[in-house]
Structure formats: structure tokens, C-alpha cells
Amino acid sequence: MRNYCFVCNQRIVKIGSIDRNTILKCENCGLGVTKKVSIQKGQYHRDNTYIEEEELFKNIFKKRVYVISKFKDRGKALEVGCSTGILLGLLKGKGWKVRGVEISENAAKIAQERGIDVVTEPFEKLIPEEKFDLIIFNHTFEHLKSPKDVLEKAHSMLASNGLLYIDLPNFGGITAKILGIRWPMLLPNEHLWHFTYKALKLLLTDLGFKIIYVERASGVWDYGNPLKGILISLFSFKKRFFIETLTAIPSWIVSKIGMGSDLMVIAKKI
């Protein structure tokens with residue numbers, strides 16, 4: 001078992017176990033590591049969720065498109081782990097030329113039906129054929145076996161001043177700190193890594209990126225339109241309606257102080 005953090009080379013210690021998976025944490029940068037994880041290749045637990053909850057995800061991803069457009073309004077975009085292509089579809093509608101990587105053949109087929117060019121081989125095996133202005137890792141980065149190698153490849157595939165977008169669960173957020181190994185977003189059977197902002201910043205800086213935007217939001221404040229998100233939950237009779245309504249104010253406070261459960265980062269290739 002590795003005793004040192006691959007980001008900052010400091011000691012990592014065990015903080016608990018879940019379903020026979022061991023959870024460790026770096027004493028310096030806070031990076032979390034899952035050991036003895038078993039992942040079924042080619043399938044992703046949210047494929048059906050993306051299909052059934054498309055309006056919800058469109059609302060969430062519209063915020064991503066809005067944030068990205070602050071720094072670059074069009075160009076060539078590649079999303080690693082694009083699932084059914086909802087985010088790429090929104091970017092395409094804004095004038096971007098888009099391409100996706102998705103190992104789930106079912107999800108890739110749906111994305112292709114949207115008119116999106118999708119390859120089903122892992123990003124690590126993808127042979128670079130062109131440069132991109134934007135590369136996206138939207139809740140896929142935490143699944144990757146070697147984040148460092150993937151980032152090095154992404155850096156080489158970005159055009160000059162190209163942007164890297166990473167979105168993942170925030171292991172440094174207030175709920176993660178309070179709940180510890182009971183934090184729902186640990187998902188130890190799927191997630192290999194649990195990043196804090198400090199760990200991600202150290203890694204990106206070391207690999208030739210400069211962070212130009214960071215946001216750590218929670219609850220409905222992670223949506224493009226928070227009110228619409230609540231109404232979608234209400235009219236579709238989802239249990240989350242009550243949770244989102246009751247936690248709206250606390251989530252707003254947590255989001256404002258940068259301790260939310262989602263970590264969104266945009267970095268520029270330098």
C-alpha cells in the first residue's frame with residue numbers, strides 16, 4: 001500500500017473503511033484515496049439517471065456552459081466521460097465544435113444520436129489527432145487510475161492558452177469534513193480519488209496549468225437556475241424537493257464561503 005501522496009509526497013493515513021474498501025487521506029493536501037476498489041468496466045451507474053433526469057442535468061450543465069463562456073465562447077471542445085452528451089449538446093448549441101470520449105457504449109450511442117462525435121475507447125488510449133481549446137472532465141476525474149498521466153496528456157492535447165475544466169466532489173467541503181467516511185460522495189466502489197482544492201491546485205500547477213476560476217457550491221446553487229431546479233423536483237414528485245427546499249439557505253451560505261460539496265475548477269495551459 002502506498003504510504004505517500006502522489007500529489008505532494010507527504011504521508012497518507014487510514015481514516016476508515018467502507019464495504020471492505022480502505023479510505024486514506026493525505027496529512028498535508030487532504031487528498032483522499034480509495035484502496036481495494038472494484039469497478040465494472042464499460043458501465044457507469046448514472047447512465048440511466050442521465051436519461052431519466054435529462055432536464056435536471058441540462059439545468060446543472062447550463063451553469064457550466066455559462067462559466068466556461070466567461071473565458072472562451074467557442075472553439076473545439078473534448079469531453080472525457082461525456083455520457084449521453086448533454087453538456088456537449090449545450091456547447092454545440094453555442095457554436096462549439098464538440099467531441100466526446102465515453103466507454104459506456106449505451107451512453108455513447110445516445111450521444112451519437114444527438115449528432116456528437118464520440119469514441120468509446122479510454123482517453124488514456126486515445127491517439128491525439130488535433131488540438132482542443134477546451135478539455136472537460138465533468139465528474140470523471142475521480143474515477144481515473146492515473147490522474148497525473150491523464151493531465152499530462154490533456155496538457156499536450158490543448159491548444160495554446162487552451163482551457164481545462166474539472167468538476168468533481170469536494171473532499172474539502174464542509175459536509176465531507178463533518179461526515180468523514182460517511183460522506184455520501186465517497187462512493188468507494190467507484191471513486192478512486194477524493195480531491196480537495198489544495199490537492200487539485202498543487203497537481204495542476206505542477207503539470208503546467210494556472211487556475212483562473214474556482215467555485216465550491218452546494219445544493220440548488222449548483223444549478224444554472226436554482227428555482228427551476230426546485231420546480232422540476234416538485235412537479236416530477238422527487239424526494240429531493242424537500243431536501244433542496246429545506247437546505248436552500250444553508251447551502252447558499254456554504255456556497256458563498258467556498259465550502260460546498262461540488263468543486264469546479266477552470267485552468268489555463270501555460
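## Burial and basis

Buried means under 20% relative accessible area, exposed over 50%, and partly exposed in between (1.4 Å probe, protein chains only). Cys82, at 4% relative accessibility, is therefore buried. The model is predicted, so local features need pLDDT of at least 70 and side-chain atom pairs count only at pLDDT 80 or more, while totals for chains, interfaces and linings use all residues. Residues are numbered from 1 along each chain as its sequence is written, and side-chain values use heavy atoms, without hydrogens and water.

## Cysteines

The whole structure holds zero disulfides (cysteine sulfur pairs within 2.5 Å). Cys29 shows why: its sulfur lies 3.7 Å from that of Cys5, the closest cysteine sulfur, and this is too far for a bond. Cys29 is buried, at 3% relative accessible area.

## Lys63 and the salt bridges

There are 13 salt bridges in the structure (a Lys or Arg side-chain nitrogen within 4 Å of an Asp or Glu carboxyl oxygen). Glu215 pairs with Lys63, with 2.4 Å between the closest N and O atoms. This pair links distant parts of the chain: Glu215 sits in strand β10 (residues 209-217) and Lys63 in helix α2, 152 residues apart. Helices (H or I, at least four residues) and strands (E, at least two) are DSSP runs, numbered from the N terminus.

Helix α2 spans residues 54-69. Lys63 is buried, at 10% relative accessibility. Beyond its neighbours within four places in sequence, Lys63 has contacts that include Trp221, Asp222, Tyr223 and Met264 (heavy atoms within 4.5 Å).

Arg64 bridges to Asp222, with closest N and O atoms 2.9 Å apart. Here α2 is linked to the loop between β10 and α8, across 158 residues. Both Arg64 and Asp222 are buried.

Helix α8 (residues 226-235) buries Gly229, Ile230, Ile232 and Ser233. They cover an arc of only 160° around the axis, so they lie on the same side of α8. That arc is taken from the directions between the helix axis and the C-beta atoms. The buried residues pack against α2 and α9 (240-246). Leu227 and Phe235, on the other side, are exposed.

## An exposed isoleucine

Ile257 lies in the loop between α10 (248-256) and β11 (262-269). Its relative accessible area is 56%, so Ile257 is exposed.
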